[in-house]
Amino acid sequence: MFEGQSIKKTKLCTEILSGCRAELYLNMRFLDVALHSLAFGPTMAVPATATDGNVFFYNPEFLIQQYKIGNVPVNRGYLHSLFHCLFAHMWNACGHKDASLWNLACDIAVEHTIDGLPCRCLRTPPKPYRRAVYEGLMKKIPVIHGEGVFRLLQEAKPDIRIIARLVREFTVDSHEFWETEGTNPPSPMEHQSRWQDIKEKMEVELDLFSKEAAEGSKGLLGQLRVENRKRYDYRSFLKKFCVLKEEMQVDLDSFDYIFYHYGMELYGNMPLIEHQETREIQKIEDFVIAIDTSMSCKASLVQKFLEETYSILSQSESFYRKFRIHIIQCDERVQSDVVVESQKQLSAYMERFQVKGMGGTDFRPVFQYVEKLLAEKSFRKLRGLVYFTDGYGVYPLKKPPYDTAFVFFREDYQDVDVPPWAIKLILGENDIRESREGQTRQ
């Protein structure tokens, strides 16, 4: 008898969830593939709902009670777990030491996205507390996404009562099947790649082909852009401007101890092979850092970029014994040029750094100025120029005779057009932090 009732409840829940999928699809056709990417998994092991990226687990008793309230709680619950998969929250969980804070950040980000969707089947009465939380976050980050909210929560260190209030307000499903350090085994890579493929196609659909459908889905599109962004290691990027050159230094990597030992045994004191006295190493020689100091470029962002660039370049192994770095500040004209030839000078410059300019934006004066320095033979060998900017300015039409990279510090990771001869790098604060942490570990 009990087993028969359980089967009936499972069938009823399957019908409820199938109806939920159909209703969501009719309102948001761009979710077509995503909606059918989770299998249904009835279980009494979870109090409400949960997902591992492959199955949508639900407690039949809970689901039926939610459906008695109405279809909106069921729709929101299923979509909540679905968005965790789309935004890769469960696979990024193991990269954060504070799992409870990461869980909360992801729930806030997902609920904000759902609250921003203009669909009657998801609509709930507006809550002043939620609105206040969203407004507070949007003052600090342009896109409310998991990593951004997690970082803000870490910095704010809110009281335990505030955390408890946020958890009560935004928690919808269980995260017990998420990957965390030392608990759950890694999910199969095909699950992650499958969702990566789904969200990339969704971004294209929202951005190009379904403008009307995406009219009120800017939060979803913003999150997809953040999650689909290319992950960059700024340290590795900067190494592209290193110069390959021979230096007087013993090359132990090319030394063969077998022939050395054989020669010493055979002839007494005559090795058959010796250390090479030169080796090829990659180090920075001459370099230009240009900083956009226009009104649209925030001084705090400039400071962060310089701090990270300094932390990379200040490593002794990054330089030749003699080097020259020009740090140029420019808005619509060159405001200052500070030449740095030692780590001590670089450190002193960072201590007294002040932004000069705050006018309009024009990139051309920097390139004209560097061209003048080249004519005056101020560089032994200029390897490249890195221009830090927000991207809104006039670019030179002609390709310079050295590598040029434009580095954009953008929390929304929106793409920026650059000339075909330029290298483009879009960084967020989290990318800078990851680069710094990677450097510390090494």
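**Surface, salt bridges and helix packing in a predicted model**

The protein chain has an accessible surface of about 23,200 Å², and carbon and sulfur atoms contribute 54% of this area. The structure is a predicted model, in which local features need pLDDT of at least 70 and side-chain atom pairs count only at pLDDT 80 or more, while totals for chains, interfaces and linings use all residues. Residues are numbered from 1 along each chain as its sequence is written, and side-chain values use heavy atoms, with hydrogens and water left out.

The protein chain contains 17 helices and 10 strands; these elements are DSSP runs numbered from the N terminus, helices being H or I with at least four residues and strands being E with at least two. Of the 442 residues in the protein chain, 48% are buried. Here, buried denotes under 20% relative accessible area, exposed over 50%, and partly exposed the range in between (1.4 Å probe, protein chains only). Among contacts in the protein chain with a separation of 6 or more, 68% involve residues 24 or more positions apart, a contact being defined by heavy atoms within 4.5 Å.

The structure holds 11 salt bridges, each defined as a side-chain nitrogen of Lys or Arg within 4 Å of a carboxyl oxygen of Asp or Glu. One of them joins E111 and R76, whose closest N and O atoms are 3.0 Å apart. This pair links distant parts of the chain, since E111 belongs to helix α6 (residues 99–115) and R76 to helix α4 (residues 71–86), 35 residues apart. Both E111 and R76 are buried.

A further salt bridge forms between E169 and R165, with 3.2 Å between the closest N and O atoms. These two residues lie 4 residues apart in helix α9 (residues 160–170), and therefore about one helical turn separates E169 from R165. E169 has a relative accessible area of 11% and is thus buried, whereas R165, at 29%, is partly exposed. In the salt bridge between R364 and D362, the closest N and O atoms are 2.8 Å apart. R364 is partly exposed because its relative accessibility is 36%, while D362, at 13%, is buried. Through shared partners, salt bridges join R76, E111, D115, K127, R130, R165 and E169 into one network.

Helix α6 also packs against helix α8 (residues 146–156), with the axes 8 Å apart and at an angle of about 130 degrees. The arrangement of α6 and α8 is therefore oblique. Axes are lines fitted to C-alpha atoms, for helices over the stretch in contact, and angles run from 0 to 180 degrees between N-to-C directions; angles under 35 degrees count as roughly parallel, over 145 as roughly antiparallel, 65 to 115 as roughly perpendicular and the rest as oblique.

Strand β9 (residues 403–409) includes T404, which is buried with a relative accessible area of 1%. Residues up to four places away in sequence aside, T404 touches F367, L385, W421, A422 and I423. The C-alpha atoms of T404 and Y387 are separated by 7.6 Å, the two residues being 17 residues apart along the chain.

Terms used:
Areas by Shrake-Rupley, 256 points an atom, 1.4 Å probe, with all protein chains shown as cover.
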